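Subject: Structure for your review

Dear colleague,

Please find below the structure that I am handing over to you. My findings follow directly after it.

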Protein chains: 2
Amino acid sequence: MNVENGTGKRVTMATVGRMAGVSQVTVSRALSDPSKVSPETLRRIREAIELTGFVPNAIAGALASNRSNLVTALIPSLTNVVYSSFMAPFSETLRARGYQILLSETGFDPSEEEALISAHLSRRPDAMLLTGIQHTAATRRLLLGAAIPVVEVWDLSDSPVDLCVGFSHAEAGRAVADFALDLGHSCAASVTASDERAHRRRRAFADRFSARGGASVRDVDVGGPASIRAGRTALAGLIEGQGPTPRLVFCSSDLLAHGVMIEAQARGLSIPEDLAVIGFGDQDFAAELEPALTSVRVDRKRLGRLAAEALLARLAKSEVTHPVVDVGFEIVRRGTT
Amino acid sequence: MNVENGTGKRVTMATVGRMAGVSQVTVSRALSDPSKVSPETLRRIREAIELTGFVPNAIAGALASNRSNLVTALIPSLTNVVYSSFMAPFSETLRARGYQILLSETGFDPSEEEALISAHLSRRPDAMLLTGIQHTAATRRLLLGAAIPVVEVWDLSDSPVDLCVGFSHAEAGRAVADFALDLGHSCAASVTASDERAHRRRRAFADRFSARGGASVRDVDVGGPASIRAGRTALAGLIEGQGPTPRLVFCSSDLLAHGVMIEAQARGLSIPEDLAVIGFGDQDFAAELEPALTSVRVDRKRLGRLAAEALLARLAKSEVTHPVVDVGFEIVRRGTT
DNA sequence: TTGAAAGCGCTAACAT
DNA sequence: ATGTTAGCGCTTTCAA
């Protein structure tokens with residue numbers, strides 16, 4: 001609560017109005033549409049606001065108008081740059097239009113997501129962003145009941161809750177397989193973090209690779225979040241374990257790929273001659289490694305912006321011609337292949 | 001808004017109460033303190049909630065109770081792991097106590113921070129987290145007027161707005177200088193990103209280094225955010241530019257240090273024999289590089305947790321014995337020194 | 001251009 | 001154990 005000159009009394013529009021010699025409604029008008037108030041009145045109101053340090057109460061405003069100017073977002077992890085980097089342009093685009101963002105992390109857990117959605121909906125957001133397309137039945141029911149614009153990102157769905165901006169993980173996996181095969185590889189492995197989407201990419205990669213004549217693809221599931229350490233361990237396992245040593249490794253993230261590269265170099269393998277490495281996400285550091293890492297790039301800034309714009313279109317009640325937007329991906333070939 | 005079985009009517013506590021044959025207040029009680037309601041009534045209310053898909057309106061609740069259960073946070077950058085990694089335990093600790101977190105990024109800009117603080121305060125948060133101790137005068141006034149618990153983190157202040165959890169950047173800089181000198185170094189340089197706190201560390205490092213007999217410390221200001229690329233460029237400039245080539249480089253972040261290492265290795269310099277490197281932040285990858293990077297570690301998880309606990313103590317109106325908490329730092333020596 | 005009145009959906013007293 | 005009554009600080013609508 002804001003305090004009037006230390007007198008301990010809460011400052012409201014009524015306080016400001018009294019000070020400016022007008023009613024509370026006029027203060028409200030001065031703030032929401034200054035052109036509806038005479039210049040002189042406006043001046044006195046602004047003076048009173050300055051003097052009292054009045055900050056409008058958005059809670060009361062939201063209750064009265066049934067608009068919260070809040071958009072909430074759910075992402076798997078705050079510290080994972082892949083997600084935080086589309087959140088930045090998403091927030092920016094919405095903030096420019098007067099919305100604030102309430103952000104929570106689900107930790108890749110659909111039931112945690114369900115609990116968070118309830119909590120978020122209780123704040124009566126005007127719109128919502130979800131990461132991924134896999135939600136519990138209860139989550140979908142809550143969302144439909146809320147009757148607000150919802151955008152699902154970082155994946156593609158035939159039957160989105162509402163809007164969807166992303167790319168096909170299966171297609172990405174297949175594209176990497178084609179890329180590897182066309183380079184002449186026939187013995188590949190994959191290293192995958194605990195993430196349903198990463199597994200979908202891996203499966204599509206393996207299926208396509210074998211289907212087009214490559215050897216069966218060995219996979220290491222690192223059993224947790226991606227890290228350099230996990231990548232190192234995974235390659236060690238691949239080399240020391242059963243089966244032929246792969247000549248190419250497709251990693252579910254650049255972080256894992258970095259670990260694979262470090263382990264390979266520590267073992268005296270040269271990249272890409274002895275071992276080719278492909279990452280996913282094309283994080284900033286990928287281009288800077290030695291050799292530079294070949295990776296799958298998704299335009300995350302564009303994805304964030306498009307997701308925000310899709311919601312804004314819905315909120316403006318304009319026609320949404322394409323509820324599902326495929327932002328695609330691109331394999332960026334560098335030194336590791 | 002939630003919708004009752006598609007009839008288009010909003011579901012409120014009154015709707016639920018009518019359905020369960022009780023008044024609206026009883027529904028409120030059933031939700032906030034079930035022990036105050038008879039088991040049979042509770043059962044009927046829960047049934048009605050289930051049937052209608054009722055989600056409580058936290059906006060109305062906040063307005064009536066003058067408690068929003070919201071804590072807002074301002075950090076310089078969402079995508080910088082240094083900040084997002086203390087936000088995770090901060091959020092977690094508060095969420096366990098029923099608070100939600102509204103998070104925005106300031107982009108290291110105090111005037112942007114000021115604008116955001118106004119917006120945040122309009123949501124009437126119960127408490128607030130700020131990164132750093134440098135705020136505009138208007139910001140401080142707004143904060144004092146709001147009369148809520150505020151915690152400033154990632155720095156130390158003699159005169160905090162309210163609470164403070166962090167460490168001394170000047171002391172960190174001096175400790176690194178002592179560390180380098182004790183290792184026998186006498187010719188050092190620094191590579192620094194555009195960040196006031198980084199510059200404070202750099203200055204303290206240079207001052208102590210010279211004061212204890214080292215040569216004057218050359219510095220490269222990368223003139224932007226830290227990145228591997230910027231680190232590479234900085235070292236190249238240091239080697240090709242005027243002045244003696246340093247035998248040790250203190251970087252304002254691990255990312256810059258990584259860039260310095262890559263550039264050094266690309267030039268055939270061996271680390272640490274030809275060039276010693278020290279980072280800051282001790283990010284996950286630091287220990288995994290070859291050689292592993294010596295860095296300054298700050299326990300960010302603990303910092304986040306302590307910041308949350310400090311706010312919770314204030315909110316519980318319990319005595320706060322130590323408004324300023326120094327979480328310290330630690331130089332982790334690894335292969336690059 | 002301004003104001004009066006009603007009401008948003010809850011919680012906090014105070015009854016019963 | 002349950003209900004009644006008054007707000008919370010705004011926006012909306014209608015009137016002047």
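How many residues of chain B are in contact with chain A, and how many of chain A with chain B? The contact involves 52 residues of chain B and 52 residues of chain A. Please note that this is a predicted model, and that every value below was computed from it.

**The interface between the chains**

The size of an interface is often expressed as the accessible area that is lost when the parts come together. Between chain B and chain A, the buried area is about 4700 Å², and carbon and sulfur atoms contribute 55% of that area. On the side of chain B, the residues that lose the most area to chain A are B:R123, B:R124 and B:E288; together they make up 16% of what that side buries.

As for charged pairs, 6 salt bridges are counted between chain B and chain A. One of the salt bridges joins A:R95 to B:E112, with 3.1 Å between the closest N and O atoms.

Several elements of chain B each supply at least two residues of the side that touches chain A. Among them are helix 4 (58-65), helix 5 (81-95), strand 2 (100-105), helix 7 (137-146) and helix 10 (228-240). Helix 6 (110-122) is also one of these elements, and helix 6 of chain B gives the most to that side, with 7 residues. By residue class, the side of chain B that touches chain A comprises 28 nonpolar, 14 polar and 10 charged residues.

**The surroundings of DNA strand C**

DNA strand C is surrounded by 23 residues, of which the closest are A:T26, A:R29 and A:T41 from chain A and B:Q24 and B:S28 from chain B.

Which elements each supply at least two residues of the surface near DNA strand C? In chain A these are helix 2 (24-32) and helix 4 (58-65); in chain B they are helix 2 (24-32) and helix 4. The residues of this surface divide into 10 nonpolar, 10 polar and 3 charged.

- The side chain of A:T26 has an N or O atom 2.5 Å from a phosphate oxygen of DNA strand C.
- For the side chain of B:S28, the corresponding distance to a phosphate oxygen is 2.3 Å.
- A:A64 places a backbone N or O atom 3.3 Å from a base oxygen of DNA strand C.

With kind regards

Notes: Residues are numbered from 1 along each chain as its sequence is written. Chains are lettered from A and ligands numbered from 1 in the order in which they are written. This is a predicted model: local features need pLDDT of at least 70, side-chain atom pairs count only at pLDDT 80 or more; totals for chains, interfaces and linings use all residues. Side-chain values use heavy atoms; hydrogens and water are left out. Contact means heavy atoms within 4.5 Å. Buried area is the accessible area (1.4 Å probe) that two parts lose on being put together, summed over both. A salt bridge is a side-chain nitrogen of Lys or Arg within 4 Å of a carboxyl oxygen of Asp or Glu. Helices (H or I, at least four residues) and strands (E, at least two) are DSSP runs, numbered from the N terminus. Ala, Val, Leu, Ile, Met, Phe, Trp, Tyr, Cys and Pro count as nonpolar, Asp, Glu, Lys and Arg as charged, and the others, Gly among them, as polar. A residue is near a molecule or strand if one of its heavy atoms lies within 4 Å of it. A polar contact is a pair of N or O atoms within 3.5 Å; within protein, one must be able to donate a hydrogen and the other to accept it, and residues adjacent in sequence count only if both atoms are side-chain atoms.
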